[in-house]
Structure formats: C-alpha cells, structure tokens
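Trainee: I'd like a close look at one part of this model, namely how its chains meet and how their pieces pack together. Please walk me through it slowly.

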Amino acid sequence: MNVDRTSEQWWARLGGGLVGGLVRIGQGFSVTFRQIFRPDVTKQYPRTIPPLAPRAHVGRHLLNRHENGLEKCIGCELCAWACPADAIYVEGADNSEEHRVSAGERYAKVYQINYLRCIMCGLCVEACPTRALTLTNNYELAFESREDAIFEKWQLLDPPPPLGTAPGTEEGK
Amino acid sequence: MILAAIDWVEWALMVGRVVVIFAALLVSVMLVIWIERKVVADMQMRVGPNRAGPAGILITLADGIKLFFKEGVMPVTADAPVYLIAPIASMVPAMLAFAVIPFGPGITLFGRHVPFQISDLDVGILWILAMASLAVYGVVLAGWSSGSNYPLLGAIRSSAQMISYEVGMSLGLVAVLLTCGTLTMSQIVAVQGRHFHVTWLTWLPKWNLFVQLPAFLIYMTAALAETNRPPFDLPEAETELVAGYHTEYSGIKFAMFFLAEYMHTITVSAVGVTLFLGGWHGPQFHAVAWLWPLLWFLVKLYVVIFALVWVRATLPRFRYDRLMAFGWKFLIPAGLVWVLVTAASIELPAIRGNLNAAILIGSGTVILLALLWPLFTGSPQARALEGQR
Amino acid sequence: MSDPGPVTLTIDGKEVTVRAGTLIIRAAEELGIEIPRFCDHPLLDPVAACRQCYVKVEGQRKLMTSCSTPVADGMVVFTQFTDEEVKKAQTSVLEFLLINHPLDCPVCDRGGECPLQDQALAFGPGESRYVEAKRTYRKPLPLSPLVALDRERCVLCARCTRFCDQISGDRFIELFDRGAAEQVSIAPGEDFRSPFSGNTIQICPVGALTARTYRFAARPFDLVTADSICPHCACGCNLRVDLRRGEVVRHLARDNVEVNDAWLCDKGRFAFSFSDRPDRLTTPLLRERGLEPVSFAEALSAIAGWCRGKPVGVLAGGRLSDEDAYALSKLARTTFKTNDVDHRLGSSDVSAVEAETGMAAANPVTYRDVERARLILVVGLDAENELPILHLRIRKASRRGAKVFVIHPRRTRLWDVAEHRSCLPGEEAATATSLRAELAGAGAEAVVLAGPRLLQSPGAAQAMATLAAETGARFVLLCRRAGDRGALRAGLHPALLPGGRRVEEDDERAAVEVGWGTLLPHEPGRDAARILEAAAHREIEVLFLVGVDPLRDFPDATLARRALENAPFKVVVDASAEAMSSYADAMLPAAPYLEKDGHYTDWEGRAQRLRAVRPPKGLARSEWEIFQELSETAGADMGFRSLDDLHEEMANLYQSAALGVRGGPAERRGSGDQPTQPSGAGGTRHPEKPPAGSELILFSYPLLIDEGRLSDGADLLRDALEERPFVEIHPADAERLGVADGRPVRLQTAAGRAELPARVTDGIAEGAVFVPWNQPGFAANTLLSGSAITAASVEPSAAEASAG
C-alpha cells in the first residue's frame, strides 16, 4: 500500500499506524451513531402522498382532444412503431360523416397500451405527429392480472377514469 | 422403588430451566432481529419495519409466517438426507452453547438452589469452543448437499473462514483463561466480581474488559467472523455468491438458517458478556434479589448486541482474501502476542502485582481512548459532508 | 435484324457490360447503383415523366433521364453519388414533387413502405421552402370498390395509366388536364372494372392509388411476411402474403420474370380471406346424431372400417399440392385398390388420355415461349377469365409483334390484339385446322394454347396436339386450377398413374408397381361422371371428396345430388366445412395453401415451392399427412414420414418415366388410329335428347370472379367485379326468338330450366348461348347433364311474353 502519508495528523503514525487505524474506525462509528439522532427521510406512503411535478412523465398516458371535442389521435400507429418495448397496439379505421371521431380521414378504432411492457421512455410521445399522446404523472397503475394491465382506449382517452389514490377510487375515497 | 429413588423435583427443575432458557432464546432471536433492522435503519436515515405490530416489533413473526408458507424447493441434484439435516445441524450447536452461560447466581426453589444456568460444566470454555467448531458442520453440509456451485463455494469459503477465526477466538479465550485461572464459566464470572486494590480504582470491578481489552477486541472480532456477521459476511453476500451456503434453501429450512445465524450472534454476545463484561455483576438490591443480576446480564447482552449491529451498519465488507489474511496474519499473531504478555505478567515475579495491572490496564486504556475519542469529535471529512446537506 | 452485341460503359467510374438497348438505369442497377425514380418501371415503356432519374452523360449538354436513354459503347455516366450537379438536380425534383404533396404520411397507407418517403429521405432536400397553400382535391375518390384514388398525393408518374394501356389493355383511367391541375381521372359514372386493377395499386410509388381492402389495416412493421404461390388458378403467380396477428391482410405480387412478371389478377390479390373464415374445419368430425368433433384416430379408424373390402371412389378438387395429390393417388391404388380416381370434373374425353399423358410427363411450353412466339393460337380458352396472367403474357407477345388467333365461341378480351374466329362450342378443333398454313409458316416459333374445356369435346384435344405436331408448333393443353397439373402428374386420373404412365400399359404400370411394392389394378377406373353414377346406384360404398364440391363443380347438379344422397358413406377432406357438411359422414380438416409446405405446379409444368406461412389452425394438417395416417390405420402404410420421403418417391417416379418421347407425332399411335375404349370408363356422354324446339347450343364456364369458395369473404372484390347472372345471345338469334336486351328469358334444357336476363351481343357465336357457371343466385350446372355443352331452347319469359 503506497499511500501518501505526509499530510497525516500526528497521531496517525503512532504505534505503526495501528492507533491511527483505530481512530479512523472510531470516526466511522461516530458517523453512524450520530445518525440515529437525526430525522429520517422516509415518506410514509400511502398515508402521506408526496406530490410530483405536474410535468413529470412517469405515469399513465393520455389521449388528448381538440377544443371542439374531436380526438387528436389519428390512428397512424407511429407511437406503436416508435415504442422500443412493443407496448402499444393500434388499429386504424375510417371516419365517416355519421361517425366522426377525429379530424381528417383516420382515427384509432383500437388503442391499447400494455403497462407491463411500457418503460415510460416517452418515445411514443415524441413520435406522435398531432400531440395526441402525452404522459401524465399518474403512476398508481397497480393491477391484479395480466389482462388488466392492458389499458384500452377508454382508459386512456381524455377524460380518463381515476386511478389508485385519486379521488373517486377505492383507495382515494 | 426405582421410581421413588429418582429425585423428581430435581428433574423437573432441570427440565424447567431448559425450557425457560430455550424459549427465552427463541424470543430473544425475534427481538434481536427487530433491533437489528430498526437500528440499522436509524443509522441509515430511514425508518425500518414499522407496520407489523406497534413500531414493527412483530416483523420477525410476520417473516416467519411468510417463510412458513413458502414453497421449499429442493434441487434434483441435492443429497436429500443431508440437505434436510443441515439446517438442524446449524441450529443445534448454537442452542447448545447456551447451556453453560450463567444468567445469575441463582434462586432457591422448593428448598433447592437453582442456578440460572443449565449446566455448569467444569470445562465450560471448552464446551463453547466445541460448539463453535460443530457449527461449521451445518454450513459445510448445507453447501455441499445443495448440489449447486454457488452454495458449494459459499460453504467452502464460510467454513474456511470459520475454522480460521476459531484459532483467533481461542487465543482471546486463552488470555481470559490465564487471567482467571479456570475454565468454568461461573467461576470466571465470580472472578470478575472482585474489585481493584488500587485505592482510586476500588469502585471499578475487575472485569476482563478493563484488564484484557485487547483480548476482548480479538475475541469480538473473531466472533464476528465466526458467525459470518458483517463485515465478515462475504460468504453470504448476495452480490458475491447469491446467498452462499443457504442459496438453495427456501421456506422453513431457510428460516432455520436465519434463526441459527442470529442465535449464534446472541451466543457469542452472551459469551462475551460472561467472559469480559462481568456476567451478571452489577448494583444489586434486596427486593426480588434474583431479578437484578438477570437484568444486568440482559442489559449488557443488549449493549453488546447493539455494538454488533452498529458494526454492521458502519463497516464495509471484507474481501475474502483480505479477510483470511486479517485472520491469519494479524489476529492470530496479535492474539499470540497478547497471550505471551498476559502469561509473562502472571508468571514473572518482577511484574506481578501493580506492574502487571499497569501493563494490562494501560494498554487497554490507550485502545479505548483511541476508539472513543472520535466518538465525541467526529472526523473532519464527515463534518464537511454533513455541512453540505 | 442484326444483333449489335454487348456494350461496355462506365458508370461512376465502374465498368459494366450489358446488352445493347439496355437503359442506363438498368445498367446502373447491375452495378448496384440505385438511381432514384418514380415513373420508371422495368416492365413498362419508359416515359421520362418524373425527371427524377437524372444522370450526367459526358459530352451531353444537359442532364439525361437514365430511364429513357439507352446505353452506348464507351459512354461515361455520372450519377448523384459522384456529381454535384446531378445531386442538386435530383434534390430539386424532389422538392418540386413535395410542393403539392400533402402531409399525409401518418394517415397514408403507403407510409413506411413508400418510395417517395424513402427517396426523399435519401436524396431529398430535407426542408421545404414552400410556404404557400397546397392544391387540394376532394379525397379519397373510390375508383371501384377495390381501388381508391387520392389525387393530392399523385406525383403524375403515369405508371397506372401506362399499365392499363400497355399491359392489361383495360383503359379505364387516364391523365387529364395540365400543370398543377393534372390528375388521374376516370369516365364519369364508370367503375375501374378491370380484373387487373390491383396492379396499379402495387406499382403506384405513392399512396395515390390504395387498396380499399387494406385501408388503414396495418403498418409495415405490424406485418409478418412470407412468400407463397397463389392457390387460385394454374398461372402459378408468386405471392407475398402479409399477415397481421396471424390473419392475412393482403397479397402482393412477387417479381418473377419467368412466371408472373410483377403482376397479379384481382382474384389472386384480393381473395385471401377464405382461410380465415369462421367455418374453417379445425377438428375431424364424425356423424353420429349430428357431426361431432372427434380425434383423428377415431375418425380414421371409422373410415378405414367403412372402406375395408368395399369399393371406394375418390373425387379430388384442383387445390391439392403436388405432394397431397401424389399421396392421394397412391392411397387410392395401394390402400383401396381402385383406379376410380378423378380430379377432373366434367371432362370425359377418353381419347384425350394421350394429350393428358403428354402434359403429365413433360413441360412443353413456358411463359417465355409464349412471350417470344411469333404466332399464338388460342383454342377454346377465355384467357382473361381462366388464366389471367397468361392473358397478360399473350398481350405482351402481341406488343412485341406476335400474331394472335383466338378460336372461341365467345369473344374474349384479347379482341383488341387478336384475330377472333368464332365457332360453335365443340367445333373449336375443326375451326383451328383452318389455320394450318399459318402455323406451318411459323414453325417452332408458333405456340398452340389449348384450353382445358376442349376435353369436353371428343377428340378435340388430341386433334390440336396432332395439328401442332404436324406443323412443328409447340403445344400445351392448359389447365385451369392451381392443383390441376400436379394432380395430373400424380395420376389422380382413372387411366393414368404417376408420371403419366398409363394404367393399361403393362410395362408402364410395372414401373409404378415396383416403386410402390404392390400389384395395381390393371383396368382403368371410372371417371368422375361414372363415379358419381356408381355412387348414386350405391355401387360405390365410400365416396371420398377431397377439396371438391360436386354440387357446384360437376356439370350435372342432379346427378351430383343423387350421388351424395345415395352413397352410403361420404368422407370429406377440406379446409372449410360449409360446402359438404350436410352430406358428409366424416370430415377431416385440411390445411389451405397458407399452412402447408409443398409445391404447386403451374400450367407450364413448373413446380414452385410453397411454404407454410403460419401453423395450421386447430388440428388441421396437410392432406398428405391425413392420407398417410389413413393408410397406416387401414393397414397399408404408404411410408411417408416427412415431406422428403414424398419428394424422394416422386422424383424417382416422375423423372424416370421412360415413357418414350412425348410430343412428336411419330411415337404416337398415329393420328388415324382410334384408341381402344377402355372398359368401364364409359364413352362421351351425349346430351340427352334435346327438348322440342331447342335450337341453340348452351355452354358455360366459370368467370374469374364468381361464387367460388376461394373467393368467400372477398366482399369488396365481388362488389367490384362479380357479375349478376345473364345469358348471352347473338342478335340474329335474339331477333328470331323475340328476345330483347336486358329482358328476362327462359332457358330450357334437358336437365332443367332457368330465368335469366338476356345480353344481346355479337360477341357470341350465332347459334350458341352462354351462361356463367356460378354467379350469385344461379348455378349453371342445374341446366347441364354431364357436359358443359348442351342443347337449350330460349324464349322470352312468360311474364315478358304476357307483357307483350
């Protein structure tokens, strides 16, 4: 061990370094001992729910609408294409005058995101040409079966059903 | 006639002692696990278990129930009889070592004197060492019979570590043996009841902690290594060997290993208390006379256990080769040197008496100061880091 | 014309030697240099409309379009990779193209597989300087139920209009107007009713022409793609099948210059849903009280029990792969010990055996021969309806200068390139002999294409073979369905064994006996008509129906129904349950073309490999596996453990056919000899005595798009191209009988009667009437008595007559 010991304190070289070693061990012990008397940083979730930044994108996706109520999503499948985890499934269909869902020719008849695969990377949001798809910070996505993890369009379309501890749910009361 | 010849009361008392101490041991394991988790959490700026029972005290019970319901998966390459016996082989020596530890002077029941000790062997210390050696079996058998490579590696490392540090531990115990002149545990405790002759130290009992501090340190260090406690827990570390010798165990069998490890901890702490901290000695009161020694013993026991947990939270893990080097190249020579010093101080007439004490106490004081001084000042680096937050 | 010899030129510093007349763009492709293009297509005449393929040719003043400039010896060419001016020009062209191109990529079906996207990314400017408004149209415009036009996206490359003009001849669409308003258009009120309309979708380089069947169905990355062969007709078109989540979403054409060029007919392109229908058979069924699902072991042991020691008849359809057909042929001969096997429905010309053995043994004519011919004689074939890609090839040959004669009672869509000789049905061969001199003049550069319907007229096929042999022309007897040639080769024929060996010829039969290790019956068996008759009289105990529906396919619906009702046991091996489920006693699930490995042999005799695109549904499996298991259960194990075993046997038997040289007249038994009538096979079925007053000859054949099973589920295809039933009648006959165009008439034949609207046209021979075989609401075989040609009387329907 070729350590530069010239700048060490006077007691460090006592006893062939043994005393210094013991002192240093003691210093380490003091750190942990005094930590007992300092406050803990643990948050007691779910009794207290720390708020997230509003633009934090760690939660469920949202399919946005225009102001006039038409869906922005045009079912182009670019989000499914961009997804590195193959979590999105889209089927496009024709708009007709009687049944108009989005502006333009095409809308998403089937829109599914599998939250067991989604890694919240946001590449789908980047890919969307109409800014229909965005990520929210609603991260309480626990589900009880694999089928439940696949969110359909009605669960993602604005306004979406509440999740987790949000008001209106069982946990949120 | 034979039935009449048997002393039933004595038998009942014996069985009673065994049951009480055994039950107490199991309960203390639960308590120690809770203490460990809570103290380590507090030292790490977090809360630790706080949901299972008030302040999380039932956490071990919850863990036990969980492990009870887990599936016990045995590898097909495992040697079934040995695989099933190994956890038991690990737990039993730990429990047995408790047989010779004195908790107090005793109580008088049914006209008989009942010592708070299952059996006061003449060769108590040897019994401790024997149980320590037997504990290796459990580890080796578990690792080998799992039929898988990580357990085998873990078991070999672990057992090598254990038998290496047994030597160091023995040297520490030899120093105590020399000082107290007896192998019997109760007598060692009795020896520590005496006080110093020096006028300004008569209030201080002659605990081996003060007289034999290096031996204490050597013993505790070796005991940590003997029980695979951090910082000597490489054979169990997940990042190194999955889980070492108990990788292939799940459910109840794993619970038994878990329990066995904590029993070992309590055992070595109890032995340390007995041999170095004066056992059950402490201020006594007349009311409920039998309780106070027991209480003092428990207080000291839990102080030592706290210290072990503190060590766990503070020190990083030893790498295996450095661990073995430390054991063989530092601890054993240190132990030998100290045994020589102790033996010399006892045998050489010129150093008998106060000089004997001076050497023994002086060295102890230096070490103690070196360890305790920074407790109150801390280190410049630590102060700088804390100032940042 | 003298052959100028090869030409050497330098492109981007690399030398290449090509044939004279090659375009620069093709020469560059040989070097692996890709020049961007839109309007260029190797099969269409160059038009240099898009200006994307600019290159610099040393010595020329301006940049040249490489798609329209042929190479010259010593030419030095620079492409966009080595010359800045060319690069800038190409970038500018793309910028211009993108000026009015809409921002449709997210909603455009071509997105992800679009040459405009790819070339704009590779060679384009990257940013647009256009800030004004783009020109817009109403969109999408449905040109037909199959094809949609988006004029905003069109880059005016004219590939679609050139295809319709040069390749298919169905000139429905054309470019109109000029400048920015130029657009592809169709006559008002017209539909794009061409059976080749789908090809314009595939060659369109942008999303202007899109398939309405594929609209918004998938993106390229959703698709699992595999190569296959079209299962519909014997053209053998190479397909690319795209599946999304295991379901077929489209067929595209694969390039194969030897077979289908780059084309598909609309049936091959759009009729792909039949294997995903809910009526797919997925388990074997056995009739107890109703049809119950059972295991294969149970079903096959029941069938083996029925067949043991009893006479068995086998009718096969035309969709079996070569291997399935071979296994069935062997099963019938070795396990059931019978020659009562037939895949042809309705042709019963005994003398045609010679012609058929010729087709079974050799590959006489290829597409290339047709393309290069100087004279093409088409006899008894309506190519557009029966073999559409051959129709395109004949048109291609005529563009190269071939003279085409068509002898057919009904004018075909070759009418604009061929000389049409009308004749009555049954007289095609006689009429063809009048062209002997022209055939002799062309010698080996003449091709005689004889349609499969010639087999319905006794001696016709043989006469054509002889005519060809005598004049030195190349002759081929065509077949219509994808599995027909393979079935013929495999010997699914009462008088033929595998490899074209005749049952009656001892030495030929012996070769097969040696190969199979068992003695074979030496009398030719019953043909399809006789099998059905025998079934109707219960002389056949078990009737096997392998991928065939006699009620629709056989030209005598009454006999077919009697056979199905009376035959004691009927075993159906098919992919779908709908057709025969009310008659079958056992149904075994077969795998369609998507799910099987094997070969389809096209009309040329070219065997093309078919690979499974997805695993079979449920318990379905290839027919050969079913037959193998049945043979094992019946105790006559055929020994096929894998496809390789089949191939080995087939290679031995097909190749080693020492059948004598087929195709020349000398080796035949002489054109004057009549082949002896094999006993038990029955002669030609003469039509029943015609009802009084009948004077017209009725004939029928299936049109391209009809109610056939393989078009099930292709609703848009049927909307676009399927015709309502009609009866075609010549104006002279119409006037004589008082029939007016479009009005209902009553048809009466010996077998039945029908009421259909009349179509008065001079496209049909005088004295003949035509009804399509299988249109919605009408099956022609209800009017027929065993042949597709019969006598009929026609009169205006009673309601019509009373209306005056």
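Mentor: Let's start with who touches whom: two pairs of chains touch, and the one with the most contacts is chains A and B (a contact means C-beta atoms, placed from the backbone, within 7 Å). Keep in mind that this is a predicted model, where local features need pLDDT of at least 70 and side-chain atom pairs count only at 80 or more, while totals for chains, interfaces and linings use all residues. Residues are numbered from 1 along each chain as its sequence is written, with chains lettered from A and ligands numbered from 1 in the order written.

Chains B and C don't meet: no contact joins them, and their closest C-alpha atoms are 36 Å apart. Where chain A touches chain C, the contact takes 13 residues from chain A and six from chain C. On chain A's side, helix 2 (78-82) and strand 2 (88-94) are the elements that give two or more residues (helices, H or I of at least four residues, and strands, E of at least two, are DSSP runs numbered from the N terminus). Strand 2 of chain A gives the most, with three residues. Sort that side of chain A by class and you get six nonpolar, three polar and four charged residues (Ala, Val, Leu, Ile, Met, Phe, Trp, Tyr, Cys and Pro are nonpolar; Asp, Glu, Lys and Arg charged; the others, Gly among them, polar).

So what is chain A built from? Chain A has four helices and five strands, and from the N terminus on they run α-β-α-β-β-α-β-β-α. Of the contacts in chain A with a separation of 6 or more, 66% join residues 24 or more positions apart.

Now for the chain A and chain B side. Helix 1 (residues 18-35) of chain A packs on helix 12 (residues 291-314) of chain B at about 100 degrees, with the axes 9 Å apart (axes are lines fitted to C-alpha atoms, for helices over the stretch in contact, and angles between N-to-C directions run from 0 to 180 degrees). Helix 1 of chain A and helix 12 of chain B are therefore roughly perpendicular (65 to 115 degrees; under 35 is roughly parallel, over 145 roughly antiparallel, the rest oblique). A:Gly28, A:Phe29, A:Thr32 and A:Phe33 meet B:Trp310, B:Ala313 and B:Thr314 there.

Chain C has a helix pair to set beside it. The axes of helix 2 (residues 84-99) and helix 3 (residues 115-123) of chain C come within 10 Å and cross at roughly 135 degrees, which makes these two helices of chain C oblique. C:Gln90, C:Thr91, C:Leu94 and C:Leu98 of helix 2 meet C:Gln119, C:Ala120 and C:Phe123 of helix 3. Their contact divides into four nonpolar, three polar and no charged residues.

Chain C also holds an open sheet of five strands, in the order 20-19-18-21-22 with parallel pairing (strands pair if DSSP finds at least two bridges between them). Strand 20 (419-421) and strand 22 (474-477) of chain C sit at the edges with a single partner strand each, so one side of each has no neighbour in the sheet. From one strand to the next, the twist averages 15 degrees. Strand 22 of chain C pairs with strand 21 (residues 446-450) over four bridges, and one bridge joins C:Val448 to C:Phe475. Helix 15 (residues 460-471) of chain C lies across strand 18 (375-379), strand 21 and strand 22, at about 165 degrees to strand 22 of chain C.
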